[in-house]
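Hi,

Here is the structure I said I'd pass on. Have a look at it first, and then read on for what turned up in it.

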Amino acid sequence: MSPQNSELTFTSLPQNAIESSSPGDLARRLTAALRSILPRPGGTGRGGARNDRQASRPGHVSIVGAGPGGADLMTLRAVARLRQADVVIYDKLVGADIVAAIPDRSLKIFVGKSRGCHSKSQDEINALLLAHAQRGARVVRLKGGDPFIFGRGGEEQQFLHAHGIATDVVPGVTAAAGCAAAAGIPLTHRGRAQAVTFLTGHAQDGEPDLPWRDLVRGGQTLVVYMGVATAPVIARRLMENGADPATPVAVVENGTLSGQVIGRGELGDLPGVLARNVVTGPAVIIIGAVAALPPSHVPEALPSHALLEDIPS
């Protein structure tokens, strides 16, 4: 791998090897394969140790939430971790301005996933984290939103701990909070919503496995992540269990970014709200009385480079 190359690629194991391996064995095989091609500690390649001192220290992985998209919604700790990173392994939902602001000396590895299209499997991601950490690198696992809210951060943390790798977790502004604020919608509001529930719209067999009856109780706000594809099913199931078709809904696509789209309507017409606003995702769906509150003014986001350059190292 050339030092000038900022993206890491590797050849996956043969499909028959993958199918015949247990998850633990597969991770070990992938890690061994990666370690054979990564730069040696003390070398000049990106992602390798910068000096002999790094080669002798244990690696570390920071599982970092990048927030909902806007660079100015990252935490100071998240910015600090990025500035210290030798390797940054990042997801699709990390804002482009944030990716562009990662230091040039850091190795950037894209492992983004979208519905039906995974650039890397979870086993491959785990193997990347482990291989770099075992070589003494300071690794940042950068995830959109908060890594412990529908982000599989807990799974990756458990995997790394099982292999003796130290981690820390940097929370991020989750999409529910960021997108609701960007749309001027309070998730709780006196007299309208005394509770808020985060849901995943992801479906294994065509329909999310959710406690539908519990979700139609009044006085709460529902926020659905990854629910654009299953929105018709979600709306139908809620109404079948007693939800009023006139329940207000709001859909926020690309929340906190310059291309943000906000659509409003009623639960009974949720598919129509998505269609009229040409929403394809990433988006959150907010269901409940708070979605009918009038929107507020949203200030313009700061450019990421201006933000990051103003923060001391």
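To get you oriented: which strand is the place of Phe198? Phe198 sits in strand 8, which runs over residues 195–200. Please keep in mind throughout that this is a predicted model.

**The chain as a whole**

The protein chain has twelve helices and twelve strands. It counts 313 residues, and 47% of them are buried. The chain exposes about 15,100 Å², with carbon and sulfur atoms supplying 52% of that area. If you look at contacts between residues at least 6 apart in sequence, 70% of them join residues at least 24 apart.

**The nonpolar core**

On the inside, the largest nonpolar core is made of 22 residues. Leu215, Leu238, Val251, Leu267, Leu270, Ile285 and Ile287 are the ones with the most contacts inside this core. At least two core residues each come from helix 9 (212–215), strand 9 (220–225), helix 10 (231–240), strand 10 (248–253), helix 11 (270–276) and strand 12 (283–287). Helix 10 gives the largest share, four residues.

Setting aside neighbours within four places in sequence, Leu215 is in contact with Thr197, Leu199, Leu210, Gln220, Leu222 and Leu238.

Another one to click on is Thr247, in the loop between helix 10 and strand 10. Although Thr247 is in a loop, its relative accessibility is 17%, so Thr247 counts as buried. Not counting residues up to four places away in sequence, Thr247 touches Gly265, Glu266, Leu267, Ile287 and Gly288.

**Helix 6**

Helix 6 covers residues 122–134, 13 residues in total. From first C-alpha to last, helix 6 reaches 18 Å, close to the 18 Å expected at 1.5 Å a residue. Why can we say that helix 6 is largely enclosed by the rest of the structure? Eleven of the 13 residues of helix 6 are buried, so the rest of the structure largely encloses this helix. The buried ones include Glu124, Asn126 and His132 as well as Ile125, Leu128, Leu129 and Leu130.

Ala131 is also in helix 6, and at 0% relative accessibility Ala131 counts as buried. Ala131 and Gly59 are 72 residues apart in sequence, yet their C-alpha atoms are 9.5 Å apart in space. After helix 6 comes Gly136, which has a positive phi, near 90°.

**Salt bridges**

Side chains of opposite charge can pair when their charged atoms come close. How many salt bridges does the structure hold? There are eleven salt bridges, and a few of them are worth a look.

Take Arg81 and Asp168: their side chains meet in a salt bridge of 2.9 Å, N to O. Arg81 is in helix 4 (residues 76–84) and Asp168 is in strand 7 (residues 166–170), so to speak distant parts of the chain, 87 residues apart. Asp168 is buried, at a relative accessible area of 16%.

Then there is Glu156, which forms a salt bridge with Arg141, with 3.1 Å between the closest N and O atoms. Glu156 is in helix 7 (residues 153–162) and Arg141 is in strand 6 (residues 138–143), so this pair ties together parts that are 15 residues apart in sequence. Both ends are out of the way of solvent by the numbers: Glu156 is buried at a relative accessible area of 1%, and Arg141 counts as buried at 1% too.

Glu156 has a salt bridge with Lys143 as well, and there the closest N and O atoms are 3.3 Å apart. Lys143 lies in strand 6 and Glu156 in helix 7, so this pair ties together parts 13 residues apart in sequence. Lys143 and Glu156 are both buried.

Cheers

Conventions. Residues numbered from 1 in each chain as written. Predicted model: local features only at pLDDT ≥ 70, side-chain atom pairs only at ≥ 80, totals over all residues. Heavy atoms only, no water. Expected span 1.5 Å × (residues − 1). Buried < 20%, exposed > 50% of the residue type's maximum accessible area, 1.4 Å probe, protein only. Core = buried A, V, L, I, M, F, W, Y, C linked by side-chain atoms within 4.5 Å. Contact = heavy atoms within 4.5 Å. Salt bridge = Lys/Arg side-chain N within 4 Å of Asp/Glu carboxyl O. Areas by Shrake-Rupley, 256 points an atom, 1.4 Å probe, with all protein chains shown as cover.
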